[in-house]
Amino acid sequence: MFEGLASVLIQGPTHEHACAVTEMVEAGLQEMERRLMAPPGTVFDPLVIIVDEAQVAFMHPMKGADDRPYGGSKATSRYFMAARRIHNQGRAVSVTLWQGTQDPTDQNFPKLVREGAHVRGSLVVGTESQGRMALGDKAIDDGAAPHLLRQGLDKGTLAVAGDGIKLEPGQSSITVRTHFIHDDQAQVITDRAKAQRSGVATLHKLDVVREVAPLTVLGTAPRMRTQEVLQRLAERDPRTYRPWTNSDLREFLDEFEAAPYKSDGVMVVGRDRIRDALAKRDAA
């Protein structure tokens, strides 16, 4: 249902999907940093990054080319640090990160990230300790009780803590009743949203077939630095290409056997390589 609504959509359980999610969040961090450098008073469209089953990203065991782990709860963890930094500064420039997990623990949803969230909410959980992980000790000590909600009956009811929702003075949490939306209803709602806005070209990070857009931004230049290619792509289609990183561009061009290469000590994209790859594809 998010096809044509999300600008980036990653769905899947593999290590490769977890890596792509981390890179997506890092791209959101880069956009946050770009916005923070804008002149005072600049107004930005909201950028919402949603990661469901976030424990998969935190528990991800793989390492990148720089030997930094994707997952974990240390300062070397790529996902952990990107999430923390967005929590710390993102709201100032309309960049927010929404994360969900079914069983919050310090291992699969670290405390420093949980406590950095502007709003913390919990649907029904099995134990009080899980409620404390989700909402924090103060909310539970003051009476919040997501562990007392009834599984299957209290659908859409959740306990919420944080200063992102209006609370009475001295109150640390509130019980909120929302409308439970099943898949068919969600499809109707997303269809309405698509009808009221311009179309979005959803980028699937693991797709094999993509438009060879880098050729259009090279113009007549025989080669161009990869960073400049990324910048021009983002200017051409911000929703699609602004989240791209150097690894996204490399992965994309690898599929066409037109990977960036080093020239005079810097990584560049070559126009001839892309044209040759297109010729081979058309011939096939």
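Which residues of the largest nonpolar core touch the most other members?

Modeller: This is a predicted model, in which local features need pLDDT of at least 70 and side-chain atom pairs count only at pLDDT 80 or more, while totals for chains, interfaces and linings use all residues. Residues are numbered from 1 along each chain as its sequence is written, and side-chain values use heavy atoms, with hydrogens and water left out. A nonpolar core here is a set of buried Ala, Val, Leu, Ile, Met, Phe, Trp, Tyr and Cys residues joined through side-chain atoms within 4.5 Å, where buried means under 20% relative accessible area, with a 1.4 Å probe and protein chains only. The largest such core has 41 residues, and those that touch the most other members are Val25, Val51, Tyr79, Ile86, Trp244 and Leu249. At least two residues of this core come from each of α1 (15–36), β1 (47–51), α2 (55–58), α3 (78–89), β2 (95–99), α9 (226–236), α11 (246–254) and α12 (271–283); these labels are DSSP runs numbered from the N terminus, helices being H or I of at least four residues and strands E of at least two. The largest share, six residues, is supplied by α1. Apart from this core lies another, of seven residues, including Leu135, Ile140, Ala144 and Ala159. Turning to the sheet, three strands form an open one in the order β3-β4-β5, with antiparallel pairing, and two strands count as paired if DSSP finds at least two bridges between them. Because β3 (120–122) and β5 (173–177) each have a single partner strand, they stand at the edges, and one side of each is left without a neighbour in the sheet. Between β3 and β4 (residues 157–161) there are three bridges, and Gly121 has Val160 in β4 as its bridge partner.

How values were computed. Buried < 20%, exposed > 50% of the residue type's maximum accessible area, 1.4 Å probe, protein only.
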